[in-house]
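Please read it alongside the sequence and the coordinates.

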2 protein chains.
Amino acid sequence: MSGSINKRVLLARRPEGLPKPSDFRLEEVTIPAPKEGELLLRILFLSLDPYMRGRMDAGESYAAPVEIGEVMDGGTVAEVVVSRHKDFVKGEILLSYSGWQSYALSDGQGLRKLDPAAAPVSTALGVLGMPGFTAYAGLLTIGRPKPGETVVVAAASGAVGSAVGQIAKIKGARAVGIAGGLAKCAFVLENLGFDAAIDRRAPDFARRLKEACPKGIDIYFENVGGAVWDAVFPLLNDFARIPVCGLIADYNMSAPFPGPDRLPVVMDQVLTKSLTIRGFIQREFADQRPAFYSEMSQWIRGGRLRYREDVVDGLDNAPDAFIGLLQGRNFGKLVVRVL
Amino acid sequence: MSGSINKRVLLARRPEGLPKPSDFRLEEVTIPAPKEGELLLRILFLSLDPYMRGRMDAGESYAAPVEIGEVMDGGTVAEVVVSRHKDFVKGEILLSYSGWQSYALSDGQGLRKLDPAAAPVSTALGVLGMPGFTAYAGLLTIGRPKPGETVVVAAASGAVGSAVGQIAKIKGARAVGIAGGLAKCAFVLENLGFDAAIDRRAPDFARRLKEACPKGIDIYFENVGGAVWDAVFPLLNDFARIPVCGLIADYNMSAPFPGPDRLPVVMDQVLTKSLTIRGFIQREFADQRPAFYSEMSQWIRGGRLRYREDVVDGLDNAPDAFIGLLQGRNFGKLVVRVL
């Protein structure tokens, strides 16, 4: 407990490429008092996710950027400390979007009550939250895996990738995961039950991927960008689908990009192979959330869908943990236990 | 009439970039005699289409390449001269895929009987044929125009582009056409009824396109590739759809392509704007053909959908006409009147 102090992590400056610790600033302020109709929330868990890198840039993105000097955005699990709102009572656990801080006010908008008896509350930030739903909606709506097809996903031990591969298996497809290092590959293969796991750091990565996909690739769930694309792209089958939900590697690159220009070859293959490349953000598919909660919970209870959390203690450690996430240093869904 | 001689245009060598007349070879052989179960067809019209450039290359494509020394592939309208097949009689007019020659044998497979009273038979190669169906299926199934949306298409006076824009209008969307030169732009605007027509040769082409799309672009029907893409891409709205059916400009380029690499920016925008890029070949949507014939015929009869043919006389002129097509020299759907 931090007493009467609200710790907050602010955006200190816009990063160039990979963020540095000095791009963030820790601030301690007095805990605010809720007005009539408001709640005071104590943050229990903060989710760290790759999309946050995009919010640090001034450029156009699918959400407004975080301004310099503002609290970093982020999904959170919080407990109601004081309620002056008719719909909430002290002690309730909520999913909120309170950002990188230890206390926050809310007017009650956009909150979802969590049942601590149903699942560990931190899963509302991972497998039963935005990353799990990104995997579910993107794979099933855009990817549409059919039995016997081959699904490839990178960051396969992470929050999105681990769900993508396991849902692909549930739908009868073959799941090939790409991960960084032998430990993650072993986890993907043995704990998550993927059919193959390829270490993206292996010098012969592209050859290994090809061997693991003897019938080519029908769905490439793109959540990392960068060099993995170049190994995946030649293996795509006719009518392959590429849901694009993240480009971690590219978030940290600065334009202009040196040649050769890969676009003409990509467009030629899009035409020749009737490929679908489709960017998405999970909220586009909000009407599927009830089905998602119901199916995912059932798969988790039945042992068909597993997840791993990488828990970092203390808000002070959030910037370092986030920088590590962008470099693939996390192992599982990265969350910060705030207090 | 060429008497008892069958003229044929063969692929003499695989072109590098834009084909040259010497990549083709004209041959005269004896007209073949049909066996029992076969037909002899006299070709009336040969369709010339951009996809044929792809067939001239050895590389992987969505159809087998034409081999050196073989007759060039192509859709044709033909008359039955001799029938030894129970389903056809002399004098019937058929849609066939007989290639660049004046006579051909057929076993009856893949033929479609045409009604000369319903529409000029050459339209089976254009507005009521493969190009028209490419426009119809690609725009309605992948593009899905909604009233008030902005649809952009290049080669707007051509077989595919002219249908794309007019169908977009019928569906209540705003149609912006890109064409090469003032005459084509005037035709697109005045005869086809597009809302705007932009000359791609204008030095301030990109600025004019932007002015013609004050609400951005919701659908870019990609049938040309090349420089048009660069002007269109920054104008795409969130959730824009890009059906890709052709890349004329790129057919004639040779790899490797100099930098900068445009792919990271394209993928970033695919993600940021939730774009859909989808290659297709019309035969994927074959189940929509009956609806296409019915709707398009009705639109043509009602004066809501117009078309223009660019007719070249004589098979000898097919190579030059085809090279011109790849350079945008045709004005309307290019067909060769064979005999």
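A compact globule of 339 residues would have a radius of gyration near 20 Å, and chain A agrees with this because its own value is 20 Å. The radius is taken over C-alpha atoms, and the globule rule is 2.2 Å times the number of residues to the power 0.38. This is a predicted model, in which local features need pLDDT of at least 70 and side-chain atom pairs count only at pLDDT 80 or more, while totals for chains, interfaces and linings use all residues. Residues are numbered from 1 along each chain as its sequence is written, chains are lettered from A and ligands numbered from 1 in the order in which they are written, and side-chain values use heavy atoms, with hydrogens and water left out.

**Overall form of chain A**

- The C-alpha trace of chain A spans about 60 × 45 × 35 Å along its principal axes.
- Chain A has ten helices and 15 strands; helices (H or I, at least four residues) and strands (E, at least two) are DSSP runs, numbered from the N terminus.
- Of the 339 residues in chain A, 58% are buried, where buried means under 20% relative accessible area, exposed over 50% and partly exposed in between (1.4 Å probe, protein chains only).
- Among contacts in chain A with a separation of 6 or more, 68% join residues 24 or more positions apart; contact means heavy atoms within 4.5 Å.
- Chain A exposes about 13,800 Å², of which carbon and sulfur atoms supply 52%; the areas come from the Shrake-Rupley method with a 1.4 Å probe, and for residues only the protein chains shown count as cover.

**Relation of the two chains**

**Nonpolar cores**

- A nonpolar core is a set of buried Ala, Val, Leu, Ile, Met, Phe, Trp, Tyr and Cys residues joined through side-chain atoms within 4.5 Å.
- The largest has 126 residues, and those with the most contacts inside it are A:Trp100, A:Leu209, A:Tyr220, B:Trp100, B:Leu209 and B:Tyr220.
- Apart from it lies another core of 34 residues, including B:Ala119 and B:Val188.
- Beyond its neighbours within four places in sequence, B:Tyr220 has contacts that include B:Val152, B:Trp229, B:Leu236 and B:Arg241.

**Strand β5 of chain A**

- Strand β5 (residues 93–96) of chain A is covered on both faces, with A:Ile93 and A:Leu95 buried on one side and A:Leu94 and A:Ser96 buried on the other.
- Strand β4 (residues 76–83) of chain A runs antiparallel to β5(A) and is joined to it by four bridges; two strands pair if DSSP finds at least two bridges between them.
- A:Leu95 is the bridge partner of A:Val77.
- β5(A) also pairs with strand β7 (residues 112–113) of chain A, in the antiparallel sense over two bridges, and there A:Lys113 is the bridge partner of A:Leu94.

- A:Ser162 lies in helix α3 (residues 159–170) of chain A and is buried, with a relative accessible area of 6%.
- A:Gly158, in the loop between β8 (150–153) and α3 of chain A, counts as buried at 12% relative accessibility.
- Helix α8 (residues 263–272) of chain A is mostly covered, with eight of its ten residues buried.
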